[in-house]
Amino acid sequence: MGRAIVITSGKGGVGKTTATANLGTALAMAGRKVALVDADVGLRNLDLVMGLESRVVYTSMDVIEGKCDLFKALVPDRRVPNLKLLAASQKAKKEDISPEQMREICKKLKEEFDYVLIDSPAGIERGFRNAVAGADEAIVITTPEVAAVRDADRVIGLLQAEGITEIKLIINRLAPRMVKKGDMLSQEDVVEILSVELLGIVPEDKNILISTNRGFPVTLNMKSAAAEAFRRIARRLEGEEVDFSDLIENGGFFDKLRKLFSRNGKE
């Protein structure tokens, strides 16, 4: 059986979909069989980030309604062997899919793939519960911003309440110069606040925006700093010990914010 991992954050705009696409690409480039599942029913963006929107014929809703077989609905990525996408329906609502149905989809995919990466929608309502239902592990994405870290803290608590205890953290869009000047939370600040294992740090990189707009995962760009970060994250997920970039420095300065996020003091 493969590993089903939900990629979530609670807050929109922190890079969940980008991380799903690029981590999946990195794992597939390393020879793993990977299925990406877009759980953002009603919106759907993972196919755009992957550049596969023109090739989507069936969605997870078609599978649930019995219109096609699950494996027929998977869209293969021709650039990367072993990487496939299950798109979400733009016409359906999040309430049209139940946690039990998502769990069954992920169970079948785990029988054929090494990794099932589930792109969770923003928020903590039905879409979040559906995405989490099929997962055994979680990767929480946050940017080093106060609001994003607070939402990540809330989501970690909800994941634990759902019985998911294997939770790792990716800090996205970290700008070392801002950290050094004390204008941004450092990775030490974020890890101490959230108290989960750090899986990786993705630096601020203009190539992310360019690649997203072109439907070309940045991991395929061998010269990008963000691409290297995602390849390192994939290696850590595989159990390999990989050093963190020494370009990231501790900025200090935000110690007083930790009290705002203390789990002992939250409502």
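This is a predicted model: local features need pLDDT of at least 70, side-chain atom pairs count only at pLDDT 80 or more; totals for chains, interfaces and linings use all residues.
Numbering runs from 1 along each chain as its sequence is written, and side-chain values use heavy atoms, with hydrogens and water left out.

Helices and strands here are DSSP runs numbered from the N terminus, H or I of at least four residues for helices and E of at least two for strands.

Back to α1. The expected span of a helix is 1.5 Å times one less than its number of residues. For the 14 residues of α1 that gives 20 Å, and the end C-alpha atoms are 20 Å apart, so the two agree. How many residues of α1 are buried? It is 13 of the 14, so the helix is largely enclosed by the rest of the structure. By buried I mean under 20% relative accessible area, with exposed over 50% and partly exposed in between, using a 1.4 Å probe and protein chains only.

α1, residues 16-29, also gives the most to the lining of the largest pocket, namely three residues. A pocket, on a 1 Å grid over the protein atoms alone, is an open set of points where a 1.4 Å probe fits, with protein on both sides within 12 Å along at least five of seven lines; lining residues have an atom within 4 Å of a point. The volume is about 280 Å³, taken as the space filled by probe spheres set on the points, which are joined across faces, edges and corners. There are 15 lining residues, and those nearest the centre are Gly13, Gly15, Lys16, Thr17 and Asn45. By type, the lining has four nonpolar, seven polar and four charged residues. Here Ala, Val, Leu, Ile, Met, Phe, Trp, Tyr, Cys and Pro count as nonpolar, Asp, Glu, Lys and Arg as charged, and the others, Gly among them, as polar.

Now the sheet. It is open, with eight strands in the order β3-β4-β2-β5-β1-β6-β7-β8 and mixed pairing. Its edge strands are β3 (75-76) and β8, each pairing on one side only. Pairing requires at least two bridges between two strands in DSSP. β3 and β4 (residues 83-86) pair in the antiparallel sense over two bridges, and Pro76 stands opposite Lys84 in β4.

On to helix α7, residues 146-161. Its 16 residues reach 23 Å from first C-alpha to last, close to the 22 Å expected. Buried residues of α7 include Val149, Asp153 and Ile156. What do the buried residues of α7 pack against? Their partners are β1 (3-8), α6 (126-133), β6 (137-142), β7 (167-174) and α9 (187-194). After α7 comes Gly163, with a positive phi near 90°.

Arg173, in strand β7, has about 60°, and at 32% relative accessibility it counts as partly exposed. Ser195, in the loop between α9 and β8 (197-203), has about 55° and is exposed, at 55%.

Last, Ser98 sits in the loop between β4 and α5 (99-110). Ser98 is buried, at 17%. Leaving aside neighbours within four places in sequence, Ser98 is in contact with Arg126 and Asn130, contact being heavy atoms within 4.5 Å. Thanks, everyone!
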